[in-house]
Amino acid sequence: MKRRLAREIIVQSLYQMEMNDVDSAEAVEMLIEEASEENETERVITDEIELKAYVVEHVNGVWEHKVAIDDMLEHYLKGWQMSRLSRVDRQILRLATFEMVFGNDVPAKVAVNEAIDLAKHFGTDDSGKFVNGVLGKMIQEIDTLKADI
């Protein structure tokens, strides 16, 4: 399973859930089906069951911990509020925070680098720098954040 593809689907699913008020199962199903049919990038999904399980686990995890994640992020968004962020940047930050604080399968630096790449791919010209700035501050205190949950 390619985690980059999984992260893209996770971010898109979270976006769909927030934008269209759909549940995680519906959002994930639609996006995985779309990804498996997409031929522009020559993607071949050979492990759809594993991919779907990973995506669902992370989407549900982010959604379940959304309030705690948003509270953490608010602390590092100097001069910003979660509600003022673009929906894409907000979902990317939520996923990275979930992976860094609540997950155990990805090193924090990897989560940050992946989030920056996702922000450059899905966001605006400044999204990568913005995500890097927020998560860069957060990663310095990651042990404290993990201990507080």
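## Report on a predicted helical model

The protein has an average pLDDT of 91, and 93% of its residues score at least 70; pLDDT is the predictor's confidence in each residue, from 0 to 100. Because the model is predicted, local features need pLDDT of at least 70 and side-chain atom pairs count only at pLDDT 80 or more, while totals for chains, interfaces and linings use all residues. Residues are numbered from 1 along each chain as its sequence is written, and side-chain values use heavy atoms, leaving out hydrogens and water.

Helices are DSSP runs (H or I, at least four residues), numbered from the N terminus.

| Helix | Residues | Mean pLDDT |
|---|---|---|
| α2 (lowest) | 24-37 | 86 |
| α5 (highest) | 87-102 | 97 |

Helix α2 packs against helix α3 (residues 48-64) at an angle of about 140°, with the axes 10 Å apart. Axes are lines fitted to C-alpha atoms over the stretch in contact, and angles run from 0 to 180 degrees between N-to-C directions.

Ser24 lies in α2 and is buried, at a relative accessible area of 14%; buried means under 20% (1.4 Å probe, protein chains only). Beyond four places in sequence, Ser24 touches Met17, Val59 and Asn60, where contact means heavy atoms within 4.5 Å.

The largest nonpolar core has 47 residues, and Met100 is one of those with the most contacts inside it. Such a core is a set of buried Ala, Val, Leu, Ile, Met, Phe, Trp, Tyr and Cys residues joined through side-chain atoms within 4.5 Å. Helix α5 gives the most to this core, with 9 residues.

Technical notes. Helices (H or I, at least four residues) and strands (E, at least two) are DSSP runs, numbered from the N terminus. Buried means under 20% relative accessible area, exposed over 50%, partly exposed in between (1.4 Å probe, protein chains only).
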